[in-house]
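Welcome, and thanks for taking a look at this one. Please have the sequence and the 3D view open side by side as you read.

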Amino acid sequence: MRKLINILCFLVLVVITACSDEKKNDSVSENATQSLVIYKQNTDEVRKGYFVEVAKTREAMAKGLMGRRTLDEDAGFLFDVNLIPSDMEIAMWMKNTIIPLDMLFIDADGVVYYIYENAEPYSTNAIMAPKRPRAVLEINGGQVKEQGIKKGDKIKNKLFSNM
């Protein structure tokens, strides 16, 4: 009987440990998560909806998606460029980023004006738009093509005060 109790205690301990590790892995980021919707240019037709992490600090922006091994199909990361002084240029890179990403550069009205597809993992090459964006959205590489996302599409999210 004592042996059975010891085995049950061990199993309970394993389950508790597994659950606490699972929570750590699920909360990979402390960034706020918000919904974001991409609409086809000048229409109410939805191209794709995402649940995006929104960086609330410059440190969170600097880390971005570095070290992530996966990104759900309907997930992304939204960089609030207003966290960076206006006299600084905005450049993205893929240092320590394991998964390929598509990057959407968005103006203050929520309009996509520049797209960089399939950024190469681990690359330290600077990725820059022709003008300073209001925000940059990172999504899984290939999503731009798969969802038909184009310049001129409209992004709706709290960041642009249009959702």
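Predicted model: local features only at pLDDT ≥ 70, side-chain atom pairs only at ≥ 80, totals over all residues.

Strand E6 spans residues 135–140 and is mostly covered, with six of its six residues buried.

E6 has antiparallel pairings with two strands described here. With strand E3 (residues 75–80) the pairing runs over five bridges, and Gly76 stands opposite Ile139 of E6. With strand E4 (residues 101–106) there are six bridges, and here Ile106 faces Ala135 of E6 as its opposite residue.

What does Leu137 touch, leaving aside neighbours within four places in sequence? It is in contact with Leu36, Ile38, Val52, Phe77, Leu78, Asp102, Met103, Leu104 and Ile106. As for Phe79, it is 58 residues from Leu137 along the chain, yet their C-alpha atoms are separated by 6.3 Å.

## Two asparagines with positive phi

Most residues other than glycine have a negative phi. Asn42 has a positive value of about 60°, and Asn118 has a positive one of about 50°.

Where do you find Asn42? Look in the loop between strand E1 (32–39) and strand E2 (46–54); Asn42 is exposed, with a relative accessible area of 75%. Asn118 lies in strand E5 (residues 112–119) and is partly exposed, at 44% relative accessible area.

Conventions. Residues numbered from 1 in each chain as written. Heavy atoms only, no water. Buried < 20%, exposed > 50% of the residue type's maximum accessible area, 1.4 Å probe, protein only. Helix = DSSP H or I, 4+ residues; strand = E, 2+ residues; numbered from the N terminus. Pairing = 2+ DSSP bridges. Contact = heavy atoms within 4.5 Å.
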